[in-house]
Amino acid sequence: MEKWRRSSRSILSAITRSNAECAWFMCSKIYRSEGNLCFEVLPQLGTDRKKVPNSSTRPMNKRHPFQSACKSFWFSHFPPFSELESLYDLETRSYGTAAMKIQRNPSFSMIEARDILYFQNILGEKNVIQDKDELATANHDWMRKYRGSSKLLLRPRNTEEVSQILAYCNSRSLAVVPQGGNTGLVGGSVPVFDEVIVNLGLMNNIISCDKVSGILVCEAGCILENLDTFLADQGYMMPIDLGAKGSCQIGGNISTNAGGIRLFRYGSLRGNVLGLEVVLANGTVIDMLGTLRKDNTGYDLKQLFIGSEGTLGIVTKVSILVPPRLSSINLAFLACGDYLSCKRLLSEAKRKLGEIISAFEFLDHASLDMALNHLEGVRNPLPSSKEKFYVLIETTGSNQLHDKAKLDAFLESCLQNSLIVDGSVAQDYNQIAAFWRIREGIAEALGRAGVVYKYDLSLPIQHLYELVDEMRMRLGESVKVLGYGHLGDGNLHLNISAPKYDDKILEQIEPFVYEWTARHSGSISAEHGLGLMKANEIYYSKPPEAVQIMASFKKLLDINGILNPYKVLPQSVLSPNAFDM
């Protein structure tokens with residue numbers, strides 16, 4: 001029997017044959033390779049296990065020779081992995097990030113028939129989903145990197161139903177994962193094990209829009225793009241714009257404190273959200289749905305829930321300040337010879353385009369190539385340029401003649417001073433959309449090219465691209481390393497594209513990327529959140545004292561820990577009984 005490198009860990013009772021006798025072993029690891037199953041055996045024997053099909057199951061009472069040590073072996077002629085997985089209740093999950101090997105919290109209950117009946121009574125049968133196909137979609141993130149095994153998806157229609165769901169789940173210790181558009185990138189919106197999925201997609205009503213003050217009040221399930229379309233008719237726009245705007249929901253945007261390309265001009269959601277309605281784990285509804293620009297009475301509790309990723313409460317309604325939709329929009333696609341030129345260009349743009357600049361995005365040549373090679377209908381705005389970096393500068397104002405003249409003068413000056421090598425200014429809305437398609441389509445292109453390791457980092461702009469160069473030297477030619485993002489606010493999207501997920505590649509990336517970020521006073525999560533992927537890595541960006549305070553908030557507001565468990569915070573700070581493998 002041949003030893004094999006482990007690729008994941010799962011606690012499972014399994015049968016193996018040795019010396020013509022049938023023995024039970026507790027396996028610490030189970031994984032698949034080339035059609036065979038490989039188990040790593042713990043020095044324990046079991047006596048009360050489910051049967052593997054077509055296998056005898058006589059437990060041994062004597063000590064087995066293999067009991068003295070843990071070893072990995074090939075096992076042929078076992079059932080398919082999917083069949084074996086359904087046969088046993090796997091108690092751990094293993095994910096691409098090295099630290100993410102987590103055991104299911106034993107204090108959580110399993111779904112029973114009485115739970116289904118209760119939910120059907122309050123939601124109606126059609127909003128209590130047990131269909132395997134629908135659950136398969138909800139159990140996976142869009143990158144197919146994170147997968148849960150929830151057997152129940154609930155679709156509440158209003159705040160009262162959310163309250164009833166959480167009150168019941170809290171009383172039964174049923175873990176819950178809130179879900180919006182499921183467009184997250186760190187595993188925060190999908191189950192880890194069998195958590196009940198609460199999807200807010202049916203809560204999509206716009207409650208009011210004050211045309212004088214520019215304040216929108218709506219339910220959490222409203223899709224971002226739909227809100228922006230609605231506001232266009234009112235003369236306003238959403239203060240955030242994301243590549244996933246056609247699917248993501250405003251409740252999820254707020255719960256992750258999403259950023260995007262408009263943050264440079266309009267700031268983060270922490271500054272634009274005026275009020276929230278939130279349901280706590282015990283079903284209590286907290287009405288903080290104010291619409292005042294100024295309210296300095298006591299603690300600003302809504303800030304606890306912005307960016308908490310559904311671990312402290314479920315956002316059900318929001319009031320948000322929306323800026324006017326201005327008529328003059330210009331977009332330039334520029335080529336720069338080096339990163340220093342990109343930094344100098346940013347400084348000049350802030351000085352000379354001050355009141356009209358609305359976005360400053362950058363991408364390297366590898367990112368542009370990725371978009372051109374994997375997105376249909378995308379054309380290079382600068383086909384003769386082969387520079388290392390490209391920048392998109394958007395201006396938004398109220399006077400097209402003034403804004404265009406100001407942008408043209410700025411670009412001419414930059415060309416004369418060699419800050420840019422080449423450039424193109426969009427002539428109409430179709431060209432504006434085509435330019436943005438390149439930048440916003442990089443994530444989609446990466447998904448089509450293969451698998452991708454994604455890192456969303458905040459870094460001092462001075463050092464931001466150095467990490468990309470170091471990763472290229474570290475990883476060599478076996479992968480493609482891309483760097484792009486929101487240069488205006490120091491947000492790097494570091495992406496490593498590979499043919500398949502590989503532990504050797506991951507070991508070269510992590511924890512190096514987090515250590516490098518910490519050494520340069522950066523943050524390991526700029527706008528995507530921590531989710532499941534980076535919960536254990538929080539100490540790279542926050543001191544232990546701060547994490548302990550966060551844990552105290554979690555324990556106060558969610559005493560049973562049912563809301564989006566295993567996410568954001570390390571399990572070690574939430575429960576002394578947590579088993580972090």
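Me: Let's start with E440 and K245: how far apart are the N and O of their salt bridge?

Reply: This is a predicted model, so read every distance as a property of the prediction. The side chains of E440 and K245 meet at 3.9 Å, N to O. A salt bridge is counted here when a Lys or Arg side-chain nitrogen comes within 4 Å of a carboxyl oxygen of Asp or Glu, so this pair qualifies.

Me: Where in the chain do E440 and K245 sit?

Reply: They link distant parts of the chain, 195 residues apart: E440 is in helix α13 (residues 429-440), while K245 is in the loop between α5 (224-234) and α6 (250-256). As for accessibility, E440 is partly exposed at 25%, and K245 also counts as partly exposed, at 22%.

Me: Which residues are linked with them in a network of salt bridges?

Reply: The network takes in D228, D241, K245, R262, R325 and E440. For scale, a search of the whole structure turns up 23 salt bridges.

Me: Are R439 and E361 buried or exposed?

Reply: Both are buried. Their side chains meet in a salt bridge at 2.9 Å, N to O. R439 belongs to helix α13 and E361 to strand β17, so the pair ties together parts that are 78 residues apart in sequence.

Me: How do I read the surroundings of β17?

Reply: Start with the general idea: in a regular strand, side chains alternate between the two faces of the sheet. Now the case here. Strand β17 (residues 357-364) is mostly covered, with 8 of its 8 residues buried. It runs antiparallel to β18 (residues 389-397), and 7 bridges join the two; E361 stands opposite L392 there. β17 also pairs with β21 (residues 480-486) in the antiparallel sense, over 2 bridges, and in that pairing L363 stands opposite Y484.

Me: Which residues of helix α3 are buried?

Reply: General idea again: an α-helix has 3.6 residues a turn, so residues three or four places apart point the same way. In α3 (residues 132-139), the buried ones are L135, A138 and N139. Looking down the axis, they fall within an arc of 95°, so they line one face of the helix. On the other side, D133 and T137 are exposed.

Me: What do the buried residues of α3 pack against?

Reply: Four strands: β7 (128-129), β8 (153-154), β9 (176-179) and β10 (196-199). Check the start of the helix too, where a side-chain oxygen of D131 reaches to within 3.1 Å of the backbone nitrogen of D133.

Me: Which residue meets E134 in a salt bridge?

Reply: R155 does, at 3.0 Å, N to O. R155 lies in the loop between β8 and α4 (159-172) and E134 in helix α3, so the pair ties together parts 21 residues apart in sequence. R155 is partly exposed at 27% relative accessible area, and E134 is partly exposed at 34%.

Me: And the nonpolar cores: which residues have the most contacts inside the largest one?

Reply: In soluble globular proteins, nonpolar side chains tend to be buried together. The largest core here has 120 residues, and those with the most contacts inside it are L276, L345, I393, Y455, L467 and L494. Setting aside residues up to four places away in sequence, L467 touches L457, L459, L492, L494, F512, V513, W516 and T517. Apart from that core lies another of 27 residues, among them L185, I261, L331 and I432.

Technical notes
Residues are numbered from 1 along each chain as its sequence is written. This is a predicted model: local features need pLDDT of at least 70, side-chain atom pairs count only at pLDDT 80 or more; totals for chains, interfaces and linings use all residues. Side-chain values use heavy atoms; hydrogens and water are left out. Buried means under 20% relative accessible area, exposed over 50%, partly exposed in between (1.4 Å probe, protein chains only). The arc is that of the directions from the helix axis to the C-beta atoms. Contact means heavy atoms within 4.5 Å. A polar contact is a pair of N or O atoms within 3.5 Å; within protein, one must be able to donate a hydrogen and the other to accept it, and residues adjacent in sequence count only if both atoms are side-chain atoms. Two strands pair if DSSP finds at least two bridges between them. A nonpolar core is a set of buried Ala, Val, Leu, Ile, Met, Phe, Trp, Tyr and Cys residues joined through side-chain atoms within 4.5 Å.
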